[in-house]
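I opened my notebook to look up a few things in this structure. Here is what I went through, entry by entry.

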Amino acid sequence: MTFTKLIREPLLHFALVGLFLFAVYGWTQPELHSDERVVHITSSEVDWLRNTWERQRQRPPDEQELRGLLSDYLREKLLAREALALGLDEDDIIVRRRLAQKMEFLVRDTAGLAEPTAEELQSYYQANASKYTQPARLSLTHVYYKHESDAVAARSELGTTGVVPEGDAIMIECEFTDADAQGIAAVFGPDFSAAVASLDVETWAGPVASGYGYHLVHIHQRTAAQPAEFDEVRDAVMEDWYRTQQDDANRRYLADLMDAYTVIVDEDVKPVMGPLA
């Protein structure tokens with residue numbers, strides 16, 4: 001067949017048109033030219049890198065620092081994309097937890113929380129007043145004895161003479177002023193803290209056991225727990241309010257995901273897992 005006849009051949013025309021259409025379609029369809037092999041650095045990502053740096057360092061990055069940030073970011077994207085392509089993320093508990101954590105952070109960042117009004121903050125404070133209660137406080141003096149028998153003998157002598165016998169040496173202050181239960185527990189242990197909380201004021205009591213030994217204890221003053229004034233804890237209330245709103249946003253987002261996905265649980269797993277929330 002001559003060249004002139006070949007170019008007039010209808011089958012050749014059909015094949016060429018088909019190849020042309022296939023090439024155009026492949027170029028315009030992302031899945032056919034393998035988007036997973038394309039890494040795109042956008043201006044919004046550059047802004048994100050710059051803003052993140054500025055929040056951490058309290059200044060914008062200079063030209064060299066920004067170039068380094070972009071270089072590291074590109075390296076991470078390339079390595080992460082290749083790791084996904086190789087399936088390295090499959091059955092990796094660390095990757096799964098990190099991705100879930102990032103999604104929670106993303107939901108919090110995009111929750112669009114506005115600053116609460118004064119009324120909303122007051123309402124939250126009143127609904128959670130127990131969280132902002134000033135703890136009960138004690139002022140006390142203690143005398144330490146290494147052995148319980150010595151402490152018992154000292155208590156008996158105190159009852160007879162009204163004078164507290166000298167105790168054993170210990171590297172702890174003998175007097176505590178305006179200390180709360182947590183502070184006392186940090187020094188003597190929780191059992192000691194709980195025991196002195198119920199002692200009468202202005203009288204010697206004991207022996208009271210601690211992690212060190214035994215003590216005779218004199219409570220000078222006890223201040224009952226009382227609600228903190230709103231102005232004293234406003235910053236803490238604001239922080240708790242934001243955390244509550246962010247947690248609510250996470251729960252709503254997870255509920256939406258549960259609706260969007262079909263969750264299948266094996267029959268032998270259901271009794272362990274319980275009803276899906």
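**Entry 1: ring pairs.** Which residues do ring pairs link into a cluster? I found Tyr125, Tyr132 and Phe230 joined in this way. I kept in mind that this is a predicted model.

I then searched the whole structure and got five aromatic pairs. I looked at Tyr125 with Phe230: the ring centres are 5.2 Å apart and the planes stand at 65 degrees, so I noted the pair as edge-to-face. Tyr125 belongs to helix α6 (residues 118-127), while Phe230 is in the loop between β6 (226-227) and α10 (234-260), so this pair ties together parts that are 105 residues apart in sequence.

Are these two buried or exposed? Tyr125 has 13% relative accessibility and so counts as buried. Phe230, at 12%, counts as buried too.

My next pair was Phe176 with Phe188, where the centres are 5.5 Å apart and the planes lie at 65 degrees, so I wrote down edge-to-face here as well. This pair links distant parts of the chain, with Phe176 in strand β3 (residues 175-180) and Phe188 in helix α8 (residues 181-188), 12 residues apart. I checked burial, and both Phe176 and Phe188 are buried.

**Entry 2: a charge over a ring.** I asked what sits over the ring of Trp53. I found the charged end of Arg57 there, 4.0 Å from the ring centre.

**Entry 3: helix α4.** I checked the length of α4 (residues 63-85) first. With 23 residues at 1.5 Å a residue, α4 should span 33 Å, and I found its end C-alpha atoms 33 Å apart, which agrees.

Which residues of α4 are buried? I listed Leu66, Leu69, Tyr73 and Lys77. I reminded myself that an α-helix has 3.6 residues a turn, so residues three or four places apart point the same way. The cover over the buried residues of α4 includes α3 (43-57).

I looked at both ends next. Asp62 caps the N-terminal end of α4, with a side-chain oxygen 3.2 Å from the backbone nitrogen of Gln64. After α4 comes Gly87, and I read a positive phi for Gly87, near 75 degrees.

**Entry 4: the whole chain.** Of its 277 residues, 22% are buried. Among contacts with a separation of 6 or more, 62% join residues 24 or more positions apart.

How values were computed
Residues numbered from 1 in each chain as written. Predicted model: local features only at pLDDT ≥ 70, side-chain atom pairs only at ≥ 80, totals over all residues. Heavy atoms only, no water. Helix = DSSP H or I, 4+ residues; strand = E, 2+ residues; numbered from the N terminus. Expected span 1.5 Å × (residues − 1). Buried < 20%, exposed > 50% of the residue type's maximum accessible area, 1.4 Å probe, protein only. Contact = heavy atoms within 4.5 Å. Polar contact = N/O pair within 3.5 Å; in protein donor to acceptor, adjacent residues only side chain to side chain. Phe/Tyr/Trp six-rings, centres within 6.5 Å; stacked < 30°, edge-to-face > 60°. Lys NZ or Arg CZ within 6 Å of the ring centre and 35° of its normal.
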